[in-house]
Structures are given as C-alpha cells and as structure tokens.
Amino acid sequence: MLTIDIATARRFILGKQGLWPGRRRRGLAGTAQAMRDMEYLQLDPLQIIARSQDIKLYSRVLDYTPGLWEQATYDQRRFFDWGGWLAVRPMDELPHWRVVMRREHDGDPDHDSRIRQMGIEHAEAVAEMRVILRERGTVSNRDFKMATRTRTQSYRGRKDSALALYYLWRIGEVMTHHRENFERVYALAETVAPADLIRESDEDEVDRFLIRKDVAFAGLSRMNRAQDSYHRGVPFSRVPDIREAMVDDGELVVVKVEGWKYLHYALGPDAALLNDLSAGRIPAEWAPLDSTTTDEVVFLAPLDPVSARGRAKVLFDFDYVWEVYKPADKRRYGYYTLPILWGDRLVGRFDSKLDRTTNTFVILGFWLEDETLGTDEAFAEALARGFARFVAFLGADKVDAEAIGEPLLRGRVVAS
C-alpha cells in the first residue's frame, strides 16, 4: 500500500487529466490525445457561453476551438458517443462496450433494466426503425412528426420513434453518425464503426477493463457503488472479487491519502508516478507546451471530473456546486459558475454570459476564496492571461469586467 499526502493526490489527479502543470496538447491531434487522457469526455447539451465538453478541452488543449471534439469523433471516427451517462469513448474500445450493450439488451442485473423494458414496450416501433435505417442510411428524431407517431411519457423522448431509436442506440445496433445542433443523427453500427470492431470481447476481460477505465478516469477511486460508475457499466455485484484479483496481479494498487477516511485505488503502473510526485519530481511528458497554470489560470468546466459532484471539496477544500438546475433564489453564486485553477489549487470562481448581440463576454459575478489575492500582482497577471485566452476561445470581441470588485484584477483583465 502506498501512502501519499493530499498535495500529491491533487497533482496526480490534475496531471493525469491533463490539467497540470499546464496544457501539453495542441490542435486537432492534441484534442484526440486529450480525450484519451481523460478516459471519458462527458457530453452536455447546455450552451450558455460554450458547452461543457468544449470548456473541458479548452482547459487542456492549446489552440482548441469549439467543435474539435466532433471532428475527432464523427469525421475521423476515432471515438464514439454512447450511454445513459452520455460520454465519448475511444473507437478501439468498442468490442468491450458491445458486451455492456448486450447486457443492457438482455437485462443483466448490473445494468439498466429500463432499456430492456423499453425494447419490449416499443417492439413494433423498433422493428419499423430498423427497416427505415436500412432504407435511408441516416435518421434523426426530427424526421418523424408527432402527428404520425404514438405519444410517450418517457424522459428519453415524447414519441415512440424517439424511444425506438434510443433503444437501438443503447443496445449497439445503431451508433451516432454525426450531430446536428447537438442532436444525434443515427446510422446502423456497421456503417459507422470499422468492421473489425463490430465484435464482443471476452466477458472477464471486459469486467477488468471497466474497472481499470473507471479507476483511470478518477485517478484515485474508492470503487464504491456510485451512480456514475453504474452508468459507466462497472459490474458492482462482481467488483469485490475482481478488485482483489487485480490488486494481487498488480493491475491496481491500494493508496492511503493522509487525511482521507477511505482507502483508494490507482492503476498499478501509476505507483511509480505517485512516488515521483511525492518526491517532487514531475514527469517529463507532462511538460507544458506553453504557460503553466501558475503563469496563467485555467477555468474548469461545470462537469470537469476533477471538481464536479463534490470532488472539489475533497481535493481542493473548495465547495463547488453547479447551480444551473437550482431555482434562481436558491443559487449562492450563479447560473453557470466556473472554478478558477491557479497552480494546483482552486482559488475562486466566476459567473458569466456571452452577449451575442454585441459579442461581449460579460462577467456577472466574481468571488475569491482568499481576499488577499485581490492585490496579488502574480495572480492578477495570471488571471488576465487566463481571461484573454478564454475570450479568444469563445470568439468574443470584448469583455465586460465591471463585476470584478478588485481594482487591480479588473484593470488587468480589461487591459488584456
């Protein structure tokens, strides 16, 4: 068992996710590599200033522009999107995921029984969609008018055709061919994925793969029965036995983080990296291509795995909740608040919007964890550089920083 301090844990998780000590990927090729580094790129349709998945990649990739992930996924076919927990995954993993898809079709106890039931309840529409897909090649939900369909009450769609297409997508018969305004356009799997990947891996190999991938995504994982892990296919009824075998085989290593109540697991090959970080050594392959996060702050997406769902509190002692689904009078900070990463710490947050009529990036609110940063010259420079890059990423012409109450910080941001 390894024992590390929380600073090492924080740097390890940030570094594995490509966020520290700075951006080490560039352009389209770097976007694809960053998506692999992340293990999963969770997708979200909401667009206030930019979609969450684009903000995640902006924070990891130099010269990233919104939509590059779609080029890597749908144009180059290097990735595919799938799942009740909607995320992009590498295409070469498809044989593993086809086992999970088949388990959903069969109603495996560790998977969503609602998918199997959906197929049973809408069997006629499912058969119809199969025929239409063969005839047309690609189909979207918008191709079917409500007046010609059976209305449903599911949160997955209001038409039987929508549920039938979703069902076929979940069980792997169809895949996302591309997206139009974020909406899936479906096609038969054999027209999207390479023929050699339309197969199933060995069942036991898949279970180990799912656990390895979940641990790699977290960096350090308790491997508890979390809802997100459930949606990522982790076979919870079999986890204890598989986990212990993987520890015995060196695929996983047990890690104790000082100050944390529970033991965590990391990938076995990462044990050397954890030891290096504990000794203050940063791997050469993590060297930034440009500025470090100390030179230039980075803004984290609402669904970034290093800070979402309570993780910011554990890793950074930073209480962060994405308040987009809270009523306005219940919000503490704002509708679309983003955390600010400086060095290896979260030091503040801001709420913002993009005024598309004037193409102005408007800061609606700005809050620091430590008020003394408001007069810190180094932080002011790093913040200004971060906002300058972010405004360029958004394609805005100007910035409205009146909501930044600290004169030094406001002046530097406006001047940048």
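In this predicted model, helices H7 and H8 are roughly perpendicular to each other, because their axes cross at roughly 75 degrees and angles of 65 to 115 degrees count as perpendicular in that rough sense. The axes of H7 (residues 123-136) and H8 (residues 160-170) come within 9 Å. On the H7 side, the contact is made by Ala125, Val126, Met129, Arg130 and Leu133, while H8 brings in Asp160, Ser161, Ala164, Leu165, Tyr167 and Leu168. Sorted by class, the residues of this contact come out as eight nonpolar, one polar and two charged.

Helix H5 (residues 94-106) packs with H9 at an angle of about 105 degrees, and the two axes are 9 Å apart. H5 and H9 are therefore roughly perpendicular to each other. From H5, the residues His96, Trp97, Val99, Val100, Arg102 and Arg103 take part, and they meet Glu203, Glu205, Val206, Asp207, Phe209, Leu210 and Lys213 in H9. The class count for the contact of H5 with H9 is six nonpolar, one polar and six charged residues.

The other partner of interest is helix H11 (residues 239-248), whose axis comes within 11 Å of the H9 axis, with a crossing at roughly 80 degrees. H9 and H11 are therefore roughly perpendicular to each other as well. Asp207, Arg208, Ile211 and Arg212 of H9 make the contact with Val239, Ile242, Ala245 and Met246 of H11. For this contact of H9 with H11, the tally is five nonpolar, no polar and three charged residues. Asp207 is listed in the contact with H5 and again in the contact with H11.

A search of the whole structure turns up three cavities of 30 Å³ or more, and the largest cavity has a volume of about 60 Å³. Its lining is made up of Ile211, Asp214, Val215, Ser221, Met223, Asn224, Ser229, Val234, Phe236 and Val239. Helix H9 (residues 203-218) supplies the largest share of that lining, with three residues. By class, six of the lining residues are nonpolar, three are polar and one is charged.

Now for the strands. Sheet strands pair through backbone hydrogen bonds, in either a parallel or an antiparallel way. Aspartate 81, for its part, stands opposite valine 88 in S6.

S7 is joined to strand S11 (residues 183-188) by three bridges, and the two run antiparallel. Valine 139 has tyrosine 186 in S11 as its bridge partner. The loop between S10 and S11 holds asparagine 181, whose phi is near 55 degrees, a positive value in a residue other than glycine.

Further along come strands S12 (residues 252-257) and S13 (residues 264-267), which run antiparallel and are joined by four bridges. Valine 253 finds its bridge partner in alanine 266 of S13. S12 and S13 form a hairpin with six residues between them, and glycine 259 in the turn has a positive phi of about 95 degrees.

The peptide bond from tryptophan 20 to proline 21 is cis, with omega near 5 degrees. Proline 21 lies in the loop between helix H1 (6-16) and strand S2 (25-26).

Definitions and conventions
Residues are numbered from 1 along each chain as its sequence is written. This is a predicted model: local features need pLDDT of at least 70, side-chain atom pairs count only at pLDDT 80 or more; totals for chains, interfaces and linings use all residues. Side-chain values use heavy atoms; hydrogens and water are left out. On a 1 Å grid over the protein atoms alone, a cavity is a set of points where a 1.4 Å probe fits but cannot get out, and a pocket is an open set with protein on both sides within 12 Å along at least five of seven lines; lining residues have an atom within 4 Å of a point. Grid points are joined across faces, edges and corners, and a volume is the space filled by probe spheres set on the points. Ala, Val, Leu, Ile, Met, Phe, Trp, Tyr, Cys and Pro count as nonpolar, Asp, Glu, Lys and Arg as charged, and the others, Gly among them, as polar. Axes are lines fitted to C-alpha atoms, for helices over the stretch in contact, and angles run from 0 to 180 degrees between N-to-C directions. Angles under 35 degrees count as roughly parallel, over 145 as roughly antiparallel, 65 to 115 as roughly perpendicular and the rest as oblique. Contact means heavy atoms within 4.5 Å. Two strands pair if DSSP finds at least two bridges between them.
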